[in-house]
Amino acid sequence: MSGPDGVSVPDQQAQTGIGAKTVSDLVGENFKLSVAGTTVTATGDVKNITEPWGDFSAADNTGHFAIIKLPAILKGQKVTLEGRTKGARTVTVDDDLLLVQRIENLTAAKKLTVKKDGQLVMEVDFSGITEK
């Protein structure tokens, strides 16, 4: 599988696809992604959601949530997300390609690995974000 060509930050006014929240509800305008090979580095502000976001989850629904738009090659594909405190999770990528990750659900390294069929697609490093 090739690298993460096309990974990006959605437009600030875009819907997250989860309830009524927009991208600007989750991240600041300075939230950016840079790509080097299969490593995606996130920087900028990730906002603190203090009111429970029940549409996201019944539990773990407050805290800091980052949102990224996955590469188009993953549309409709099953991917495995690793680096979470509760273990790996397999999800099917929706047509909107959006992935919302609660930062508090990551291990201390704050890195999320995305794999397709066991092959590395990208590792997203959230250690450079600022939690607001």
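Me: What makes two strands a pair?

Reply: Two strands pair if DSSP finds at least two bridges between them. This model is predicted.

Me: Why are strand S4 and S7 called a pair here?

Reply: Strand S4 (residues 63–69) and S7 are joined over five bridges, in the antiparallel sense. The cut-off is at least two bridges, so they count as a pair. Within this pairing, Ala66 stands opposite Gln101 in S7.

Me: How do you know which strands stand at the edges of the sheet?

Reply: Look at the order. Three strands form an open sheet, S3-S4-S7, with antiparallel pairing. Strand S3 (48–49) and S7 each have a single partner strand, so one side of each is left without a neighbour in the sheet. That is why S3 and S7 are edge strands.

Me: What makes a residue part of the lining of the largest pocket?

Reply: A lining residue has an atom within 4 Å of a point of the pocket. The largest pocket holds about 250 Å³ of space. Its lining has 16 residues, and Arg89, Asp94, Leu98, Leu99 and Val100 are the closest to its centre. Strands S5 (78–82), S6 (89–92) and S7 (98–102) each give two or more residues to this lining.

Me: How are the residues of that lining divided into nonpolar, polar and charged?

Reply: Ten are nonpolar, three polar and three charged. Leu and Val count as nonpolar, Arg and Asp as charged.

Me: Which element gives the largest share of the lining of the second largest pocket?

Reply: S7 does, with four residues. This pocket has a volume of about 200 Å³. It is lined by 14 residues, with Phe56, Ser57, Arg84, Arg89 and Asn105 nearest its centre. The lining divides into six nonpolar, three polar and five charged residues.

Terms used
Residues numbered from 1 in each chain as written. Predicted model: local features only at pLDDT ≥ 70, side-chain atom pairs only at ≥ 80, totals over all residues. Heavy atoms only, no water. 1 Å grid on protein atoms, 1.4 Å probe; cavity = no way out; pocket = protein on both sides within 12 Å on 5 of 7 lines; lining within 4 Å. Points joined across faces, edges and corners; volume = space filled by probe spheres on them.
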